[in-house]
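This report is for a reader who meets the structure for the first time. Please look over the sequence and the model before reading on.

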Amino acid sequence: VYIDHFKKFNDIYGHQVVDAVLRGVAQQIKDSVRETDLVARYGGEEIAVIMPETTEEEVKQIGERVREAIERRRYEFQGLKLRLTVSIGAARIIDDERGHSLLERADVALYASKQAGRNCAHFHNGNNCHQFGMVSPHIIKQNSDGEIDAPIDSYADQHTGLPSRKVFVEELRRRLAETRRYEADLSLMLVRVDQGEEL
């Protein structure tokens with residue numbers, strides 16, 4: 001999950017507003033996913049969700065629920081009333097896939113959402129990306145290579161209260177091991193928040 005135009009939003013409203021909005025977005029995502037899903041802060045404007053035992057259709061339903069919930073919500077802070085949108089990239093594990101590859105495909109799907117104009121969601125099926133939700137399909141070929149560099153940080157994100165990137169990476173490794181051991185399903189979603197605007 002990627003907060004769209006997040007840097008511009010930060011430049012306009014400042015850190016206090018951004019921190020408050022991030023907390024609101026984090027809680028909105030937690031409220032929109034299942035209890036079994038792990039929501040973690042992955043980067044400055046990215047939040048990741050590990051979703052065990054999910055079909056492709058379930059991943060899409062959850063992703064669209066997250067996108068719509070954030071688009072509808074108004075974030076209030078010290079008299080400001082702000083709206084945001086997010087871009088989403090999702091992928092479901094395929095046979096013998098490693099964690100970096102699953103992350104890479106979700107990231108390619110996220111890039112496809114940004115390229116399609118943001119405030120939308122894409123799913124990477126192993127070969128290419130397709131848009132899902134309330135918008136018309138948009139196809140993009142995989143154009144990313146190499147592994148994702150995921151620096152390790154502390155266990156708790158101070159702004160959102162979510163588990164940090166370190167917890168996310170460790171949990172992803174654990175879930176991948178369980179997936180291989182028990183031949184279970186696993187999906188991953190990245191959400192990025194779009195630029196806020198005052199209403």
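## Basis of the model

This is a predicted model, in which local features need pLDDT of at least 70 and side-chain atom pairs count only at pLDDT 80 or more, whereas totals for chains, interfaces and linings use all residues. Residues are numbered from 1 along each chain as its sequence is written, and side-chain values use heavy atoms, with hydrogens and water left out.

## Rings and charges

Rings of Phe, Tyr and Trp (its six-membered ring) pair if their centres lie within 6.5 Å, and planes under 30 degrees apart count as stacked, over 60 as edge-to-face and the rest as tilted. The count by this rule is 1 aromatic pair. Tyr42 and Phe168 form an edge-to-face pair, with 5.3 Å from centre to centre and 75 degrees between the planes. The pair links distant parts of the chain, 126 residues apart, since Tyr42 lies in the loop between β2 (38-41) and β3 (46-52) and Phe168 in helix α5 (residues 165-182). Both Tyr42 and Phe168 are buried, a term for residues under 20% relative accessible area, with exposed over 50% and partly exposed in between (1.4 Å probe, protein chains only).

A charge sits over a ring if NZ of Lys or CZ of Arg is within 6 Å of the ring centre and within 35 degrees of the ring normal. The charged end of Lys60 sits over the ring of Phe123, 5.6 Å from its centre, and that of Lys114 sits over the ring of Tyr2, 4.5 Å from the centre.

## A buried serine

Ser187 is found in strand β10 (residues 186-193), and Ser187 is buried, with a relative accessible area of 1%. The side chain of Ser187 makes a polar contact with the side chain of Thr54 at 2.6 Å; such a contact is a pair of N or O atoms within 3.5 Å, where, within protein, one must be able to donate a hydrogen and the other to accept it, and residues adjacent in sequence count only if both atoms are side-chain atoms.

## Backbone angles

Most residues other than glycine have a negative phi. Glu53, in the loop between β3 and α3 (56-72), has a positive phi near 50 degrees. Arg118, in the loop between α4 (99-115) and β7 (121-124), has a positive phi near 70 degrees, and Arg118 counts as partly exposed at 22% relative accessibility.

Note on methods: Helix = DSSP H or I, 4+ residues; strand = E, 2+ residues; numbered from the N terminus.
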